[in-house]
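Subject: Structure handover

Dear colleague,

Please find below the structure I said I would pass on. My notes on it follow directly after.

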Amino acid sequence: MADDGLPDDVGFARFVTDHRPGLLRTALLLTGDRATAEELVQRALTRTRRAWPAPDPLTTARRALVTGAGRRGVGSEQVIEELPDPLAPAVDEELARALRELPLRTRAATVFRVADGLDPAAVGAVLGVPAAAADAAAAEGAERLRPAVRPDPYRRAQPATEEQRLHDGLARLSGAPGGWRLDAAQAVADVGHRRTGLRRRVLAAATVAAVLLAGAVGALTRPASDRPDPGAEHAAAASAGAEPSGGTSSGAGPSGAGPSAGAPADEPSVRTAPVLTGPARGSLADDPAFLAAVQRADWGGLAAPPVADRTVVFAGDTPSGRAALVVGTVDEDFRGTWLIGPTGASADALVPQFPRGLGRSRPVALLLGGPGAASLVVVTAPGDTIEVSDRLRVGPRGTVGRGYTPVEAVEGVAVVPATTTEDGPALSVRVTREGRLVHRSAVDWPGDRPGRSTPLPELDPVRPVDGEPDARVVAAALVGLAVPLGVEPAELQPELLWSGTLPQSRGPGTVAVVVGRSPGGALVVTTWVGGVGGALACGTATPPGPTPVASLTVVRTCTVERPGRAQPGDGSWLVVTAPPAAAAALVLGPTDRVLAQLPLTGGGTVVALPEGARTVRTVDAAGQLLAQAPVAPMASEPFGDFGSGPQG
C-alpha cells in the first residue's frame, strides 16, 4: 500500500494519469524529438514504478528524464514518419535551435525553472545540486534563450514581459501539435511489460548460473524484450490519431475516420448544426464598417443574392492575408464566396474565391498564403472540435496513415499556421461534433501560381521505355505523389521505372510508372495514364523502403473510358512492368486458369484487361516463376486520403 492508502498498482496508475502529460512536455523540450521524448518518459516511469511507493515520485521521474536525456540510444523505431510540424508557428524555430544548443544541465535547469515553474530548491533536488547553483544555471539558460524569442503572430494579446514571452515560447514548443504513441492506460501497461521483462532476464540469468554450476546443458527460453510488443503497433499508432495499414495498392491511405469509425448502424445520427450563418466571427467581426463593405462587395462572375440578403460568416486578418466569407441564397440555391487579399486590404480590394462543395451546414477550410508559410482558416459550428492533419505519412515499412491534431477554436473558428508546397497543400481537416465525425476534407487554396519557380526534375528511366513518354503525364505523376506527402517533387528522389504506349482508339497515350522515396523511408510507386485529354491516376503502392527499385513488379488496372465518350476498344487496360529477367507475364483467372500470355520484351506491356483477370505471374525465358502479384484495381480515391467532405 502507498502512503495515500491506495494499492500500489492503482496509485501508480493515478500518478501516470496525472503527471505523464507534464513529463512528456518536459521531455520534448529536453530532447526536441517526439518519439525520443516518449521513450524517455516510459523509461522514467519504469524507474519510478520500481521505487514505488517513493516519498516524491515526481522528482524521481524528473531525475530519470535528465539522466536518460544524457545517454545515447534513447530513441525507438518510428513506424509512421515524424517530420517538422508545419502547424507550429515558424517564430519558434529559432527558439528550438537555441534550446538544443544549451548544455544538457543548463537546458534542464531552464526547462524546469521557466517552463515547468519549479522553484530553485525543487530544480536543485532534481539535478542534485544546491538551489543557488540550479537558479544560476536556469538564469544563464534563460539569458541565452531570450534573443531567440519572437512574438506569436497568431496571438492577439502579446505578453508584457520578456520572462512571460520566454515561458510562452517554451510552452508552444512543448505543446506542439502531434500525437503520442501511447495513452495513459497503455503507458501503464508498457511499464508493467518492461518490469516483467527485467524480472525474466534476472530469472534467466539465475537459471543459467544454476545450470552451469550443475554441469547441465539445456535449452533456455529467450527472455522477453523490454520493448513494447511490436504487435501493438497498430493500436499504438491509432491512439496517436494515425491509422496505419500495410503497403497500399489503392489510391488512398486509411480512412482516418476517427471517432465515428465502427459506430453501430442503429446509432442516432449526429446533430445537424448551422455552420455558415451569422453573426460574423473572426478578428474583424467588431468592425461594422468593414462588415458592411464586404457585404456589398462584388462576387465576380457568380450571380450574388441581393445585398440585404447576404450574411457575413467570417471576417478576419491572418499573418498571411485578409479573408471574409459571405453567403446567401439565389433561387433556393445556397451559394457564397471568400473575399481574400493582403492583410489590411479594403473590402473593394478583396478578390472572390469560390469554395468547393458549399453547404449551409458544412464546415469550410481556406488556406491563405504560400507556397511555403501560410495560414489555415477553418469555420464550423461553435462547440465543434477541429483537427488538422499536416500530410500523409508513409513509414519505412510502407505503413500509411494520417495523424490528426486538435487545434484551438474560438466560436467555431480556427486560424492556425500551416505550409504548402509549390503545387498545393497536403492538409486535411476533420470536424467532430459530440464525438462523431461530421466532416473530413482537403482545404481550398487559391494559390498564387504564375508558374513553377523551380522546374520539375528530369527523371532517369530504370527500364527501357517504349517511346518518349508524354511529359505532362510524368509531371502529373510526380506532383500527385509529392503533394500528399508535403514535399517538393525533387525531394522524392524520383525515377521513371517504366513507361509505355497506351493504344487508345482516339490516339496513342502514355502509361508512366514513377517511383519515389517518401520522407518516412518507404518507396511510393504510382501509375498514371494520359495523353491529349489530360492525365489520370491508376493507383499508388508503398513497398517497404529496403525494396530494390530494380526488383519491383507492378501490375495495375487503368480505366480510361469516360461516360458518353467511350470509343470501341477503349476501357480498362492491364499494365505490367517487371525486372529484365522476366520474359513473359501469365494472366490468371479465378481458378488459376491462364487467360493470356504476354511477352515482356521492353520491360513491360499494356493490353486490354482480360475478362476475369485476377493474378499475374512473371516467368523467365525457361518458364521459371519469378514473381506473382494480384491485379490491382483502379484506385477509387486519390492518393493522399484527404477525405471527401461531409459525412452521411
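The loop between α2 (34-50) and α3 (57-69) holds P53. In this predicted model, the peptide bond that joins W52 and P53 is cis, with omega at about -5°. A cis peptide bond also joins G278 and P279, where omega is about 0°. P279 is found in the loop between α10 (233-239) and α11.

Overall figures

The protein chain has 12 helices and 25 strands. Of its 648 residues, 47% are buried. Its accessible surface is about 29,600 Å², and carbon and sulfur atoms account for 53% of that. Taking the contacts between residues at least 6 apart in sequence, 66% join residues at least 24 apart.

The loop between β2 and β3 contains D331. This residue is not a glycine, yet its phi is positive, at about 50°. Is D331 buried or exposed? Its relative accessibility is 73%, so D331 counts as exposed.

E411 is another residue to look at: its phi is positive, about 55°, although it is not a glycine. E411 sits in the loop between β10 (405-406) and β11 (413-420). With a relative accessible area of 52%, E411 is exposed; the cut-off for exposed is over 50%.

Helix α7

Helix α7 runs over residues 131-145, which is 15 residues. At 1.5 Å a residue it should span 21 Å, and its end C-alpha atoms are 21 Å apart, so the two agree. The buried residues in α7 are A134, A137, A138, G141, A142 and L145. Seen down the axis, the buried residues of α7 fall within an arc of 135°, which means that they line one face of the helix. On the other side of α7, A132 and E143 are exposed. What do the buried residues of α7 pack against? Their partners are α4 (93-101), α5 (104-115), α6 (120-127) and α8 (162-174).

The three-stranded sheet

There is also an open sheet of three strands, ordered β18-β19-β22 with antiparallel pairing. Its edge strands are β18 (554-559) and β22 (604-608), each of which pairs on one side only. Neighbouring strands in this sheet are turned against each other by 20° on average, direction ignored. Six bridges link β18 to β19 (residues 572-577), and this pair runs antiparallel. Within it, R556 stands opposite V575 in β19.

The hairpin of β23 and β24

Strands β23 (residues 615-619) and β24 (residues 625-630) run antiparallel and are joined by five bridges. R617 stands opposite Q628 in β24. The hairpin has five residues between the strands, and in it G623 takes a positive phi near 85°.

When you go through the model, the places I would list are the two cis peptide bonds, at W52 and P53 and at G278 and P279, and the positive phi values of D331 and E411.

Regards

Terms used. Residues numbered from 1 in each chain as written. Predicted model: local features only at pLDDT ≥ 70, side-chain atom pairs only at ≥ 80, totals over all residues. Heavy atoms only, no water. Helix = DSSP H or I, 4+ residues; strand = E, 2+ residues; numbered from the N terminus. Buried < 20%, exposed > 50% of the residue type's maximum accessible area, 1.4 Å probe, protein only. Contact = heavy atoms within 4.5 Å. Areas by Shrake-Rupley, 256 points an atom, 1.4 Å probe, with all protein chains shown as cover. Expected span 1.5 Å × (residues − 1). Arc of directions from axis to C-beta. Pairing = 2+ DSSP bridges. Axes fitted to C-alpha atoms, helices over the stretch in contact; angles between N-to-C directions.
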